[in-house]
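Reader: I should like to go through this model by way of its backbone geometry and helix packing. May we begin with the loops and then turn to the helices?

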Amino acid sequence: TERISSGINAEYGEEVPMMIVKSDGGFTYDTSDLAALHYRMVDERADMCVYVVDSGQSLHFNLLFSAAKKVGLVRDDQKVVHAGFGVVLGEDRKKFKTRSGDTVKLKDLLDEGLERAEKKIRAKEEDKKAKGGSGLLTEEEIIACRDAVAYGCIKFADLTCTRTNDYVFSFDKMLDDRGKTAVYLLYALTRIRSIARNAGYTREQLLAHAKDSPIVLEHEAELKLAKVLLRFPEVIEEIAETLQPHTLCNYLYDISTVFTYFYDKCYCIEKSRETGEVVKVHMNRLLLCEASAQVMEKCFELLGIKTVSRM
């Protein structure tokens with residue numbers, strides 16, 4: 001048997017060997033993973049290779065990387081990383097399974113998410129209709145909203161926890177429109193976008209105005225929101241360094257929270273009490289709304305979550 005010592009101590013203090021070729025001439029996962037690493041680092045000349053595999057495989061990847069460096073497959077200026085993650089638990093805090101004990105299939109999970117999201121959206125629309133509310137969603141908007149919420153809530157729940165921790169899967173919590181959930185944040189984004197619509201401005205008009213005029217910040221709530229938005233590049237750099245996407249989820253929630261404070265303290269548009277018509281637009285604040293929406297949309301894009309214009 002060809003053996004390469006990894007230098008990693010096992011339970012009894014002995015070094016763990018990497019099996020390249022077994023005594024019967026067979027190959028193992030170690031062999032194929034080492035060959036794949038050779039292709040990526042030597043043939044493709046990757047600067048960095050990240051393996052996103054559950055944390056239970058950490059010993060295997062420590063062994064693989066250690067062996068690869070010993071035989072010269074990974075240079076000093078190259079980087080190989082195992083981004084381990086925890087397991088998904090059911091609400092009983094045991095490994096997530098179906099009622100019959102089988103492994104949950106992703107397709108079934110997504111289908112259930114779609115069904116639950118659509119049911120909740122239609123219930124809200126019926127409630128709005130019963131109260132004589134305006135601005136009901138069209139059938140096309142309901143379907144778009146359903147897809148964004150269903151897929152978004154599952155992705156966000158998976159990414160919002162520290163990557164290495166286990167987490168409890170709960171549709172009820174995921175679809176809650178309060179707290180740090182995709183539903184709440186998608187709602188927050190649509191509310192921000194509606195401010196400019198109510199003021200009679202398109203996104204293009206706001207962008208054109210921003211090119212010609214600087215945004216003047218005077219109120220402390222305006223400054224607080226601007227400072228949060230300016231953290232965006234730092235957040236991205238931190239995630240690239242730590243490979244912890246939950247940081248971006250936390251940042252999205254921070255924007256939403258600080259924006260709510262800003263909106264409570266600062267009028268963006270003022271309407272006549274008699275006619276309801278817009279009588280004054282605070283352009284600096286409207287531009288701050290646009291900046292908030294753009295940063296939030298980019299965060300959602302990086303998380304792989306689609307946004308909608310109305311909910």
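Reader: In which loop is L243 found?

Author: The model is a predicted one. In it, L243 has a positive phi of about 60° although it is not a glycine. Most residues other than glycine have a negative phi. The residue is found in the loop between α9 (232–242) and α10 (246–265).

Reader: Does L243 count as buried, partly exposed or exposed?

Author: Buried requires under 20% relative accessible area, and exposed requires over 50%. L243 has 21% relative accessibility, so it counts as partly exposed.

Reader: Where is R45 placed, and is R45 buried or exposed?

Author: R45 also is not a glycine, and it has a positive phi of about 55°. Its place is in the loop between α1 (29–43) and β3 (48–51). The relative accessible area of R45 is 64%, and the cut-off for exposed is over 50%. R45 is therefore exposed.

Reader: What is the distance between the end C-alpha atoms of helix α3?

Author: Helix α3 covers residues 106–130 and has 25 residues. At 1.5 Å a residue it should span 36 Å. The distance between its end C-alpha atoms agrees with this, at 36 Å.

Reader: Which residues of α3 are buried, and what do the elements covering them include?

Author: An α-helix has 3.6 residues a turn, so residues three or four places apart point the same way. In α3, the buried residues are L109, G113, L114, A117, I121 and E125. What covers them includes α4 (139–159) and α5 (171–174).

Reader: How many residues of α6 are buried?

Author: Helix α6 (residues 182–199) has 18 residues. From its first C-alpha to its last it reaches 26 Å, close to the 26 Å expected at 1.5 Å a residue. The helix is mostly covered, and the number of buried residues is 15 of 18.

Reader: At what angle do α6 and α10 pack, and is the crossing left-handed or right-handed?

Author: The axes of α6 and α10 are 10 Å apart, and the helices pack at an angle of about 45°. That angle makes α6 oblique to α10. The crossing of the two is left-handed.

Reader: Which residues of α6 and α10 meet, and how many of them are charged?

Author: From α6, the residues are Y184, L185, A188, I192 and I195. They meet L252, Y253, S256, F259, T260 and Y263 in α10. By class, this contact has nine nonpolar and two polar residues, and the number of charged ones is none.

Reader: Is T247 buried or exposed, and which residues does T247 contact beyond its sequence neighbours?

Author: T247 is found in helix α10. Its relative accessibility is 14%, so T247 counts as buried. Leaving aside neighbours within four places in sequence, the contacts of T247 are V235, E238 and I239.

Reader: How are α8 and α11 oriented to each other?

Author: Helix α8 comprises residues 220–229 and helix α11 residues 283–303. Their axes come within 10 Å and cross at roughly 25°. Angles under 35 degrees count as roughly parallel. The two helices are therefore roughly parallel to each other.

Reader: Which residues make the contact of α8 with α11, and how does it divide by class?

Author: The crossing of α8 and α11 is left-handed. The contact is made by E222, L225, A226 and L229 of α8, together with R285, L288, A291, S292 and V295 of α11. By class, these are six nonpolar, one polar and two charged residues.

Reader: How is α7 oriented to α11?

Author: Helix α7 (residues 203–212) packs with α11 at an angle of about 110°, their axes being 10 Å apart. This angle makes α7 roughly perpendicular to α11.

Reader: How many charged residues does the contact of α7 with α11 have?

Author: R203, L206, L207, H209 and A210 in α7 meet M283, L286, L287, E290, Q294 and E297 in α11. The residues of this contact divide into six nonpolar, two polar and, as for charged residues, three.

Conventions:
Residues numbered from 1 in each chain as written. Predicted model: local features only at pLDDT ≥ 70, side-chain atom pairs only at ≥ 80, totals over all residues. Heavy atoms only, no water. Helix = DSSP H or I, 4+ residues; strand = E, 2+ residues; numbered from the N terminus. Expected span 1.5 Å × (residues − 1). Buried < 20%, exposed > 50% of the residue type's maximum accessible area, 1.4 Å probe, protein only. Contact = heavy atoms within 4.5 Å. Axes fitted to C-alpha atoms, helices over the stretch in contact; angles between N-to-C directions. Parallel < 35°, antiparallel > 145°, perpendicular 65-115°, else oblique. Left-handed = near helix turned anticlockwise from the far one by under 90°. Nonpolar A, V, L, I, M, F, W, Y, C, P; charged D, E, K, R; others polar.
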